[in-house]
Amino acid sequence: PNEIRLKKDQPVIFEFPSTDVDHGFNVPDLKLQADVLPGKITRVRFTAQKAGKFEMHCDNFCGLNHEEMGGTVIVE
């Protein structure tokens, strides 16, 4: 998604599927990173400790539209 909204101090579990190639989920300012491998579901438990808007992106070069794989995590 282009935008993910979270509540501060509320635990969440992200589930990332990939059906094609290796991808990555990275939110540097929240120190959140996961490798997303094809044919598997990558699960990441996370609790945001600070509010704000944070850029997210794919950090594994995955092909033609790689540069467009990004968005914002909003912690309220």
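**From a buried strand residue to the aromatic cluster**

Guide: Thr72 has a relative accessible area of 18% and is therefore buried; the term means under 20%, whereas exposed means over 50% and partly exposed lies in between, with a 1.4 Å probe and protein chains only. The model is predicted, so that local features need pLDDT of at least 70 and side-chain atom pairs count only at pLDDT 80 or more, while totals for chains, interfaces and linings use all residues. Residues are numbered from 1 along each chain as its sequence is written, and side-chain values use heavy atoms, with hydrogens and water left out.

Thr72 belongs to strand S7, residues 70-75. Strands are DSSP runs of E with at least two residues, helices are runs of H or I with at least four, and both are numbered from the N terminus. Leaving aside residues up to four places away in sequence, Thr72 touches Asn2, Glu3, Ile4, Lys53, Phe54, Glu55 and Met56; a contact means heavy atoms within 4.5 Å.

The aromatic rings come next. A pair of aromatic rings is described by the distance of the centres and the angle of the planes. Rings of Phe, Tyr and Trp (its six-membered ring) pair if their centres lie within 6.5 Å; planes under 30 degrees apart are stacked, over 60 edge-to-face, and the rest tilted. The whole structure contains 4 aromatic pairs. One of them joins Phe14 and Phe46, a tilted pair with 6.4 Å from centre to centre and 35° between the planes. This pair links distant parts of the chain, since Phe14 lies in strand S2 and Phe46 in strand S5 (residues 41-46), 32 residues apart. Phe14 is buried at 9% relative accessibility, and Phe46 is buried at 13%. The rings of Phe16 and Phe25 also form a tilted pair, because their centres are 4.5 Å apart and their planes meet at 35°. Phe16 and Phe25 are both buried. Ring pairs join Phe14, Phe16, Phe25 and Phe46 into a cluster.

S2 and S5 run antiparallel and are joined by 6 bridges; two strands pair if DSSP finds at least two bridges between them. Phe16 stands opposite Thr42 in S5. In a regular strand the side chains alternate between the two faces of the sheet. In S5 the covered face carries Thr42, Val44 and Phe46, and the uncovered face carries Ile41, Arg43 and Arg45.

A pocket is found on a 1 Å grid over the protein atoms alone, as an open set of points with protein on both sides within 12 Å along at least five of seven lines; lining residues have an atom within 4 Å of a point. The lining has 18 residues, and Pro1, Phe16, Gly24, Phe25 and Met69 lie nearest the centre of the pocket. S2, S3 and strand S6 (52-57) each contribute at least two lining residues, and S3 gives the largest share, 3 residues.

Terms used
On a 1 Å grid over the protein atoms alone, a cavity is a set of points where a 1.4 Å probe fits but cannot get out, and a pocket is an open set with protein on both sides within 12 Å along at least five of seven lines; lining residues have an atom within 4 Å of a point.
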